[in-house]
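Hi,

Here is the structure I promised to pass on. Have a look at it first, and my notes follow below.

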Amino acid sequence: MARFGHVETAELRVHDDMTVEVALSVMAGAGVEYLLLCDGDDERTGSVTRAELAVHRDSSAYTDRVRLRDVLGAPRPVVSLSTFAM
């Protein structure tokens with residue numbers, strides 16, 4: 001559960017229709033390096049890191065309407081919490 005001043009990263013689940021720009025803002029605001037992705041049925045489909053999204057944002061094909069599912073393609077493995085040191 002999220003508490004004031006501390007965010008439990010396991011709860012930062014977003015839908016894959018979120019734009020890259022919003023996802024980067026969410027990560028920056030929460031101080032996390034990745035988000036868990038969910039489909040329309042609220043099932044986990046993978047994860048995305050801030051670094052991965054930055055690469056897409058910096059590409060010549062990027063617009064502010066690009067959605068996470070557009071840049072990530074096929075479902076991706078879910079990042080384990082131990083991957084990132086807090």
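The buried residues of helix H1 (20-30) are covered by, among others, strand E2 (34-38), strand E3 (44-49), helix H2 (50-57) and helix H3 (68-72). Helices (H or I, at least four residues) and strands (E, at least two) are DSSP runs numbered from the N terminus, and buried means under 20% relative accessible area, exposed over 50%, partly exposed in between (1.4 Å probe, protein chains only).

Bear in mind that this is a predicted model, where local features need pLDDT of at least 70, side-chain atom pairs count only at pLDDT 80 or more, and totals for chains, interfaces and linings use all residues. Residues are numbered from 1 along each chain as its sequence is written, and side-chain values use heavy atoms, with hydrogens and water left out.

So which residues of H1 are buried? They are Val-20, Ala-23, Leu-24 and Met-27. These four sit on the same side of H1, because they cover an arc of only 100° around the axis (the arc of the directions from the helix axis to the C-beta atoms). An α-helix has 3.6 residues a turn, so residues three or four places apart point the same way. Ser-25 and Gly-29, on the other side of H1, are exposed. Just after the helix, Gly-31 has a positive phi of about 70°.

Cheers

Technical notes: Contact = heavy atoms within 4.5 Å.
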